[in-house]
Structures are given as C-alpha cells and as structure tokens.
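Hi,

Here is the structure I promised to pass on. Have a look at it first, and my notes follow below.

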Amino acid sequence: MSPAVLFDMDGVLLDSRNAVLATLAGIATASLGRRITPADLPPHAATTPRVEVLAGLGVPHPDELCEVWWDAALATAAGTELFPGALDGLMALRDEGTATGLVTLQPRNRLSWLLPPAVLALLDVTVCREDAEPKPAPDGIQLALDRLGVTPAEAVFLGDTPGDMRAALAAGVTPIGAGWGYAGGQALRDAGAVVVLHDPGWIGPGLLYHRPTAPATARSR
C-alpha cells in the first residue's frame, strides 16, 4: 500500500497571512467607516476565527458581512503565494509514487483562485470545509485517507496550527509541524507534533521518515 502525505493549505503550502490580515482590515474599514490597517488587528488575528476578530473591533453583524464581502476581498488582496519549495516538494512526492492530499478549512470554491493549477494537479484528493467536520475534528483527515485507500499508520499530516496537530493525532496519523506557518514551533510541539520543521524546503518524500513505521535507517537521516 502506498504511503500518503496530507497537508493543510494556509500557512503550509500557501503563504496567505498578509492577504488574510488585509482582508480583515478591509472589511473592518468598510463597516466602521474609519481606517483599519493590519497593524490595528489583534496579535493572533491570523489564527483566530474571522468573526471573533471583526466582532472584537466593533464590527456589527460580522457573519453577514463576511458572507457578502470575504471572498471578493480575499481574492483581490495582495500577498498570497506558494511557500518556496512547496511545488518542488509536491512534484518529488509524485515522482516517488506517494499519494498526496489536502485537508483545509477553506471552502472548495476558493481553491482554484488560491492555489495554482500546477499544485491542484499534484494533489490526489482535496477535502474542504463542506466535506467534513472541520479540524480539530479528525473527520477530514479520515475522509482523505479513505478516499486514498491508505491506513493512518502509513500517513503523515503537515500542519501549522495546534488544531492541525490534534486532528492528526485523533485520526491516528503522524503529526508534523510546519514551523514557518501561523502558530509557531512551541505551540505545535505542545499540541503533539512529533517534529517541527522550519523550512518549507523540507516538503517532499523525507516527511515520511517521521512515521513510526518508517525503517530506522530512514528515520535517522
């Protein structure tokens, strides 16, 4: 059975932090009638539910406003790009015959304008917000494994938030922390990451060395 590498998207494959912060600031500005910049947002705005951030700024009816404005604002925000090495790593996994999947909190309709076609073509399965209970529930990871026909012991999940690590552990999958993402290395270790990597250049077949079932010689590399 082929092993699998599963990924979160934002903060792991896609550097969307600046775009998300700009979107939050833009919606707050339009609603409140005064200039709100990313610097005015709370320190953990990128990892806090958007409705909580906007409500904390005094934005009325943030749920309704996000339904109307979020997609358009995010789609036109500057600063969304792949992390260096992400595409090369996915290509290397494909060359090795390793199955790959995406488990993201983003809805499916955003994938085509957040990720380049070359990345989407390299993913064997994508599980989005509407497909399963969102992380930290394990449902999305379990669904991806079911669709790939891979057992949890043969898979790793690379994520950048504590919720990602908890979801992987609950699904029986090896949790690997992406230290270049939103939460930071210590938070990922505290949430159960078996290892925290600090360079997206590590995306590739080497991620599988961290499985407990990997040969000892591979894990020592």
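**What I found**

Buried residues account for 48% of the 221 residues in the protein, where buried stands for under 20% relative accessible area, exposed for over 50% and partly exposed for anything in between (1.4 Å probe, protein chains only). Before you read on: this is a predicted model, so local features need pLDDT of at least 70 and side-chain atom pairs count only at pLDDT 80 or more, while totals for chains, interfaces and linings use all residues. Residues are numbered from 1 along each chain as its sequence is written, and side-chain values use heavy atoms, with hydrogens and water left out.

First, the overall picture. The protein has 10 helices and 8 strands; these are DSSP runs numbered from the N terminus, with helices being H or I of at least four residues and strands being E of at least two. With 221 residues, a compact globule would have a radius of gyration near 17 Å, and the 18 Å of the protein agrees with that. That radius is taken over C-alpha atoms, and the globule rule is 2.2 Å times the number of residues to the power 0.38. Along its principal axes, the C-alpha trace spans about 60 × 35 × 30 Å.

Now for strand β7, residues 174-178. It is mostly covered, with 5 of its 5 residues buried. Thr174, Ile176 and Ala178 are buried on one side, and Pro175 and Gly177 on the other. β7 runs parallel to β6 (residues 155-159), and 4 bridges join them; two strands count as paired if DSSP finds at least two bridges between them. Val156 has Thr174 as its bridge partner in β7. The chain gets from β6 to β7 through helix α8 (residues 162-171), in a right-handed β-α-β crossover. Right-handed here means that, with the strands pointing away from the viewer, the path from the first strand over the helix to the second runs clockwise.

β7 also pairs with β8 (residues 195-197), in the parallel sense over 3 bridges, and Ala178 stands opposite Leu197 in β8. From β7 the chain crosses through helix α9 (residues 185-190) to β8, and this β-α-β crossover is right-handed.

Finally, two spots in the loops. The peptide bond from Lys135 to Pro136 is cis, with omega near 20°, and Pro136 lies in the loop between β5 (125-127) and α7 (139-148). His61 has a positive phi, near 50°, in a residue other than glycine. You'll find His61 in the loop between α2 (50-56) and α3 (62-76), and it is exposed, with a relative accessible area of 56%.

Cheers
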